[in-house]
Amino acid sequence: MKQNTTYKKLILLISIFVIGFISLVTVNYFFTDLINKLDQKTTNLKAKLTIEEFIEHDILKIRSQFHELATSTSSEISRELIISDITKNINMIEKSLYILENGGKLEREILLNIAGHLNTTKTIEYHHNASDKFSLKTIDIKLNLKDIKEKLIFVETLLKNREFLKKQKDLKKYVNSTNEIKRYYKTLPAYFNRISENLNRLLYEGELELTDIKNIIKQDKERYMLLKMYLILFVIVIVVVFGYIIVKQVYKDSKDIFRLNCDLNQTLINQKKQEKSNRAILDTQPNIIIVSNGTEMLDSNMQLIKFFNQYNSFEEFTKENQCICDFFEDKVPNDDYIVKKDYDGLNWSDYILNNPEKNFKVIMKKDGIKNHFSILVKKIVIDEISNEIVMIITLNNITQEINSQIKLKALNDNLEFLIQNKTKELQELNENLEQKIIIETTKVREKDKQMIQQSRFAAMGEMIGNIAHQWRQPLSAINTTSSGMHLQMQLGLASNEEIVKSYSKIMGYVDFLSQTIEDFRGFFKEDKETSDFNVIDTLEKSLTISTPAYKDNEITIIKDYKEVDLLAHGMPSELSQVFLNILNNAKDATISNGIENRYVNICSTIENKMNVVYIQDNAGGIPKDIIDKIFDPYFTTKHQSQGTGIGLYMSKDIIEKNMNGRINVKNRMVTLDGISYNGACFKIEIPIV
């Protein structure tokens with residue numbers, strides 16, 4: 001009986017142990033399953049938001065590709081590549097929408113900026129339930145995709161049409177097509193902005209929903225854990241009576257913990273092996289590599305200690321030096337070299353990071369000898385949550401290359417010295433040739449002077465006629481005044497006042513005759529030296545000489561002086577001869593061509609830092625077959641008895657060689673007194689002093 005009771009108690013003990021164990025396992029499984037489902041719900045919602053973010057990213061890529069399609073493509077091949085990329089992105093969006101509607105796995109390639117790992121593939125698994133609420137309106141996105149496809153077809157049509165017009169060289173239609181593309185593209189940013197704003201709003205709502213669900217799950221977890229604890233305590237209170245069972249359970253748990261500790265120790269041993277392997281790889285690199293957190297050095301390879309051989313270890317190096325920049329030399333050849341200083345508020349490492357396109361270098365000494373290094377800085381994010389970063393600084397010794405460049409420069413300098421010596425020898429050989437050229441040039445100049453003088457003498461006959469014409473009227477007036485006064489004196493009718501008045505008139509006429517002589521003497525007088533003078537004064541003196549002949553032939557001179565202070569440097573008498581030659585040609589042309597209302601229009605101005613004088617007649621212009629020849633030597637349209645053909649040639653020679661100016665002629669329409677005439681227009685340009 002006692003044995004039966006003992007047996008029953010044993011059976012009861014075993015039963016209670018079994019029931020307690022089953023209860024603990026059941027409770028733990030039940031609540032673990034509940035928590036896993038809550039975590040799965042959070043994970044599923046995160047997956048959905050990630051897919052939605054991929055959709056937004058693809059929309060942004062399509063937007064930039066649309067812009068590139070119109071602004072950066074110059075060939076059909078590049079345009080087809082961009083259209084292919086847009087189509088791929090549209091297909092990716094459609095695939096993402098399909099996963100959101102039906103569930104499944106979405107694989108996306110993620111680009112990485114890590115050496116040796118350019119990209120990776122990320123797999124997103126989403127489980128769709130019929131009761132799920134979508135944060136993105138997939139129907140709207142599908143409509144947007146349909147609209148984008150239509151826009152893509154339309155843009156491709158516009159671009160092909162523009163390319164066709166370009167090949168046809170139809171500039172007007174090509175410009176219209178380009179403007180049409182620009183106008184259309186002005187509407188695209190707003191269109192994509194609306195899509196992006198809608199997606200951002202929906203993503204924001206999804207984030208809020210995720211946050212709410214997390215809070216609810218957190219509260220549920222806390223309630224589940226509390227309930228679980230109560231149930232476990234209840235089971236433990238029942239089972240604790242049976243110490244034997246508890247001891248066995250503790251013993252079993254101790255064995256499990258021991259096994260876990262063994263596994264953990266093995267894992268640590270493997271990690272240390274991996275660290276040793278990484279260190280071996282780092283130390284075999286030929287460059288100096290330093291790891292820093294931006295304020296202090298964290299680690300380096302053995303190349304640092306090999307270069308700074310006064311230190312035995314990295315720890316010894318960092319005890320005396322906080323930064324590798326402590327060894328940067330201050331005296332550097334150019335701005336490509338980094339020194340330890342502040343760069344507009346940035347330290348040297350941030351300055352290098354902000355200018356990745358530049359090839360920076362530093363100079364550090366080893367055993368008193370300067371060594372040149374190229375320097376690179378790369379920033380790596382270790383922990384995105386805590387924003388923990390490290391900087392990888394790589395120093396590559398380029399001293400040999402720099403020394404080679406210095407030697408090459410020395411060789412180039414020596415080559416320049418040899419070239420200079422050879423050039424000097426050539427100069428000495430050419431001295432005799434230069435002397436000959438100077439002699440011949442002097443002869444040519446003397447010949448030009450003779451031609452100028454010959455041109456002056458050729459015009460002397462006409463000038464004498466002008467003198468006679470100007471003297472005719474004052475001499476006649478002197479004769480009339482003196483005769484009348486003599487008659488009045490004979491008759492005793494002349495008073496002293498009238499005699500003085502007549503005398504004053506005669507002296508005025510004499511002064512006019514003297515001034516006329518001086519004007520003509522100035523024209524035939526040869527300037528010995530150049531001087532500064534006013535172009536308008538010289539022009540007025542030339543007009544004084546030409547005016548009598550112009551009056552005799554009823555030619556009206558119209559002056560339009562927009563500028564009156566045209567200062568130049570040269571020989572004014574030579575410029576006066578140029579003006580007289582052009583004025584005489586204009587007079588002869590209006591007479592010989594039978595022009596009734598004869599005009600010569602003279603205009604002065606300043607253009608592009610040049611003194612400019614226009615002389616325009618209305619004689620009908622110069623024939624096209626000879627207008628390019630009128631400045632040639634000995635070319636003339638006059639009879640042999642009327643001209644030598646050197647007037648305009650010497651005029652061009654005086655303006656261009658002696659005064660560093662320009663002279664040209666072209667036929668131009670001019671309107672005078674409401675009537676349009678065609679005439680020759682001479683343009684004379686002289687540098688401003």
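Reader: Are Phe-308 and Phe-317 buried or exposed?
Author: Both Phe-308 and Phe-317 are buried, a word that stands for under 20% relative accessible area, with exposed for over 50% and partly exposed in between (1.4 Å probe, protein chains only). The model is predicted, so local features need pLDDT of at least 70 and side-chain atom pairs pLDDT 80 or more, while totals for chains, interfaces and linings use all residues. Residues are numbered from 1 along each chain as its sequence is written, and side-chain values use heavy atoms, without hydrogens and water.

Reader: Why is the pair of Phe-308 and Phe-317 called tilted?
Author: Rings of Phe, Tyr and Trp (its six-membered ring) pair if their centres lie within 6.5 Å, and planes under 30 degrees apart count as stacked, over 60 as edge-to-face and the rest as tilted. The centres of Phe-308 and Phe-317 are 5.5 Å apart and their planes stand at 40°, so the pair is tilted.

Reader: Why is Asn-321 counted as buried?
Author: Asn-321 has a relative accessibility of 10%, and therefore counts as buried.

Reader: What makes the approach of Asn-321 to Tyr-311 a polar contact?
Author: The term asks for a pair of N or O atoms within 3.5 Å, where within protein one must be able to donate a hydrogen and the other to accept it, and residues adjacent in sequence count only if both atoms are side-chain atoms. The side chains of Asn-321 and Tyr-311 make such a polar contact at 3.0 Å.

Reader: Which aromatic cluster includes Tyr-311?
Author: Tyr-311 forms one aromatic cluster with Phe-307, Phe-308, Phe-317, Phe-327 and Phe-373.
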